[in-house]
Structure formats: structure tokens, C-alpha cells
Amino acid sequence: MSKKLRDIPVTVIKDDGEYEEIHLYSKHKKIYPRWVNGLFNRWRILFVVITQLFFYGMPWLQMNGRQALLFNITEHTFYIYGFVFLPQDFIYLTALLLASAIGLFAWTTAGGRLWCGYACPQTVYTEIFLWIEKWVEGDRMARIKLDNAPTTAHKIRLKAIKHSIWIILSLWTGFTFVGYFTPIRTLWSEITQFGLGPWETFWVFFYAFATYGNAGWMREQVCKYMCPYARFQSTMFDADTLIISYDAERGDARGSRKKGTDYKAAGLGDCIDCTVCVQVCPVGIDIRDGLQYECIGCAACIDACDEIMDKMQYPRGLIRYTTENALEHKYPERDIIKKITRPRVIMYLLVLLIVLGTTIGSLILRKPIKVNISRDRVAMVREAEDGWLENSYRLQIQNADEKAHSYIITTDGLPGSRTIIEGTGQIFVPATGSQDIGVRIQVDPGKAGPGGHEMHFIITASDNPAIQTREKSSFIGR
């Protein structure tokens with residue numbers, strides 16, 4: 001689109017009947033969030049610390065001699081706190097995604113965008129990058145002044161320090177991310193020896209670039225224009241969903257005044273129109289304009305407003321967590337917690353409990369062994385030297401345990417049959433490994449007529465009989 005087209009103004013009629021010219025396309029204005037202290041800011045700091053201790057620390061945790069949490073793509077094996085998941089366990093990933101989606105629906109219906117405001121990676125890393133920016137360049141006004149100042153050695157030095165710290169943090173984040181898919185100790189050894197593979201190199205730098213770009217440059221634009229959650233969250237909101245709202249009934253009419261004056265006699269509300277709530281907002285909105293999809297529910301505006309109310313000796317809560325119905329006095333605000341247990345939320349939680357209960361029950365009953373059976377397709381049935389009928393099979397035994405096991409193969413369903421196994425009678429399979437073994441089943445012709453006959457392979461760990469699986473197959477007679 002040409003610059004001339006972008007500059008064409010459009011005249012609109014406002015609610016009060018006045019005309020106003022607006023531009024359909026405007027240049028992005030950088031937001032400089034102001035630092036704020038308060039209860040909710042401390043909660044955000046706590047969540048940043050908890051999430052980052054988990055993210056950066058978890059790959060280094062060892063369990064059973066290997067990384068406790070590792071998604072080894074090349075070996076098609078996931079190690080999750082002592083559990084070993086193979087490609088056949090894809091159903092558990094499906095259950096995890098389903099539970100996450102239902103949990104998000106329930107959480108959003110009850111608590112609004114608390115996830116966005118406190119634990120979303122975009123929010124967390126933007127917060128960390130803003131801490132670094134504040135530490136290097138100063139608070140809001142100092143950063144604005146620095147950006148508007150001419151280029152000097154001092155400005156270049158501050159910008160270089162800030163971006164250097166950002167880049168180092170981004171690279172360490174990319175390294176940690178890849179460490180969930182390649183053993184992180186091996187990855188670190190490869191980096192120190194300049195032996196990092198091409199794919200690991202690509203993903204380290206790709207994720208580092210994404211972190212640096214999203215948290216350092218794009219920031220609120222990710223939440224406004226890229227995140228789908230902001231767009232479809234309205235379908236999960238209702239009048240009892242927890243939101244951050246400005247109490248217009250108490251705050252309007254807005255206006256400045258001196259502390260201690262009778263502002264009510266002057267027709268003013270509690271809002272002194274200081275715009276601090278706008279200055280601290282990381283997405284640059286004015287919460288006094290009502291609920292907006294850009295609001296991430298971080299409560300920075302609540303902390304800022306409460307601080308101003310304390311200075312003016314007014315009651316706190318001009319901006320607060322509330323619900324639409326509570327704000328309209330349909331029930332007292334002390335009943336907000338009770339409204340969480342409404343039918344819609346209970347329905348979500350019931351479905352979530354069913355999914356989680358089924359998944360946990362399946363994990364408890366799960367046997368750490370997988371067996372794939374394939375038969376000889378060249379000769380479905382052959383005659384042995386003594387005249388018995390013989391079928392040949394290949395069994396792939398996968399040990400989904402952190403311990404090595406030896407297995408015994410037996411069969412049932414074919415009375416009087418003989419089981420002949422390649423090599424010795426026991427099959428050794430290392431921890432999280434697999435073994436292919438050839439098995440021949442021989443049956444008296446008088447007991448195996450034409451067609452298929454159902455049978456079962458029973459594979460049992462010799463050192464732990466509780467580890468046993470029973471796999472269905474068939475024997476072809478003639």
C-alpha cells in the first residue's frame with residue numbers, strides 16, 4: 001500500500017454528533033511501560049521466577065541415569081519423570097492436548113486472561129526484557145528521553161549493553177529449548193567443542209531469534225495481532241467471568257484536584273485523570289475505556305491506581321478484578337468466588353476430570369512393554385520335516401522401562417503346539433531398547449485345518465512376572 005493511500009483521512013461521526021478525522025493506517029507507536037510496585041506485581045515476579053526456574057533448570061535434572069524430561073525425537077522416545085513413551089503411546093499426547101484445551105476453557109471462563117497476565121511465555125519474557133531495559137536505561141521517562149536524544153557515545157553504549165544482554169539471554173533460552181529434545185549435557189559438550197550439529201544449531205538460533213524479536217521488539221504486538229487466544233477468548237467470557245475493570249460509577253467525572261479538597265462538591269469522581277494506569281499498561285490501552293481484547297489481565301493498572309488512591313487517601317479498588325454482573329450490582333462482590341461454581345465451569349471441570357482420570361488410570365495400568373508381530377508373507381504355511389505344519393513370525397519386543405529385562409515367549413490357543421525361538425529361550429532387551437526375534441510355531445496337521453486359527457503370544461519378563469503382555473495373532477492351517 002502506498003504512503004499516499006495510508007495518509008488519506010476518513011471522517012467519522014462520534015456518539016455526541018461531532019465529526020472526527022482518523023487515519024485507517026497509522027505508524028506503530030512504541031510503548032514505554034512504567035515500573036509499578038504492588039501486590040499483583042509481586043505475584044507476576046513470583047510467576048516469572050517459578051516458570052523460569054522450571055524451564056532453565058528442568059533439563060539438567062537427572063533420573064535413572066538420564067535426563068528426567070527429554071523428548072528424544074531422533075530415537076522416537078520421550079522420557080518423562082521415569083515414564084518412557086514410544087510412538088505407540090501417541091494417545092497420551094492426544095489426551096494431554098485435550099486436557100490442556102479443556103483446562104484453558106475452564107480457566108478462561110472462570111478467571112479470564114489470568115494465564116496471559118502471569119504465566120504466558122510472551123508475557124514472562126517481555127517482563128524479563130523490560131527488567132533488563134529498566135536496569136540499563138532507566139524507567140519510563142528516562143527511556144523516552146534516551147530514544148528521543150541524538151545519537152551519542154553514551155546512547156550507543158547503553159543500547160549496546162542492553163541488546164548484548166538480550167542476545168545472551170535469548171541464546172541461552174534457545175540452547176535450553178533444544179536441550180529438551182537433545183540431551184542437554186551432550187548439547188553443552190558439543191557447543192564447548194564446536195561440534196554442534198546443523199539441526200541443533202538451526203533451532204538454537206531460531207528460538208533465540210524468536211525470543212529476542214518477540215520479547216525485545218514486538219512485545220504487545222504479539223498479543224494484539226498474532227495470538228489467536230485474544231481473538232476467541234470472547235466466546236468463553238460471560239457476565240460472571242473475572243475481568244479487570246474501571247468503576248466508572250465511582251470514578252467519573254474525571255479531573256485533577258488538590259489533595260484534601262472537596263472534589264465531590266465540584267462534581268468530580270475519584271479518578272484524578274493522572275493516566276498512570278495507561279503508563280504502566282504493557283499493551284498501551286486505557287482500561288477506563290472498558291473491556292478490550294488487548295487487555296492481558298496483568299493487573300499493573302490495579303497496582304498503579306491503588307498507589308494513587310493511597311496518596312489521595314481515597315479507598316482502593318477504583319480499578320479492580322471484578323465481573324460484569326458485580327459491577328452492575330447484580331450481586332455483591334464478595335459473592336464473586338461463589339459464581340465460579342456455575343454450571344458452565346462445572347461442565348468444563350467434569351469433562352477435564354474424566355479425561356485426566358482416564359489418562360492417569362491408563363498410565364497406572366500400563367505395562368512397560370510393546371510387541372509388534374509380523375508373519376512371513378513369502379510362505380504363509382510350510383510343512384516341517386516331521387510333517388507338522390509351521391508358521392513363521394517376527395516379533396519386535398520394545399522395552400518401555402528404564403531397566404533392562406529378559407523375556408520369555410510362550411503361546412496359547414493351539415493345544416500341543418511347539419514354539420521354536422531363534423537363539424536361546426530368553427530374549428534380552430536393554431533399557432528403553434528393542435529386539436527383533438524370529439519365532440516358528442509348529443502344529444499337528446490334525447489339529448489345524450484349513451484357514452486361520454486364533455492364538456496368542458505371551459511375553460513375560462523373567463525377572464518381573466508382573467510385566468507381561470498378551471498379543472493376538474493367528475495360525476494358518478491347511
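Glu-127 is buried, at 15% relative accessible area (buried is under 20%, exposed over 50%, partly exposed in between; 1.4 Å probe, protein chains only). This is a predicted model: local features need pLDDT of at least 70, side-chain atom pairs pLDDT 80 or more, while totals for chains, interfaces and linings use all residues. Residues are numbered from 1 along each chain as its sequence is written, and side-chain values use heavy atoms, without hydrogens and water.

**Salt bridges**
- The structure holds 33 salt bridges (a side-chain nitrogen of Lys or Arg within 4 Å of a carboxyl oxygen of Asp or Glu).
- Arg-44 and Glu-127 form one, at 3.9 Å, N to O.
- This pair links helix 2 to helix 5 (residues 121-137), 83 residues apart (helices are DSSP runs of H or I, at least four residues; strands are runs of E, at least two).
- Arg-44 is buried, at 5% relative accessibility.
- Asp-386 and Arg-418 also meet, with their closest N and O atoms 2.5 Å apart.
- Asp-386 lies in the loop between strand 11 and strand 12, and Arg-418 in strand 14.
- Asp-386 is partly exposed at 46%, and Arg-418 is partly exposed at 31%.

**Strand 9**
- Strand 9 (residues 319-322) is covered on both faces.
- Ile-319 and Tyr-321 are buried on one side, Arg-320 and Thr-322 on the other.
- Strand 9 pairs with strand 8 (residues 243-246) in the antiparallel sense, over 4 bridges (pairing takes at least two DSSP bridges).
- Thr-322 is the bridge partner of Ile-243.
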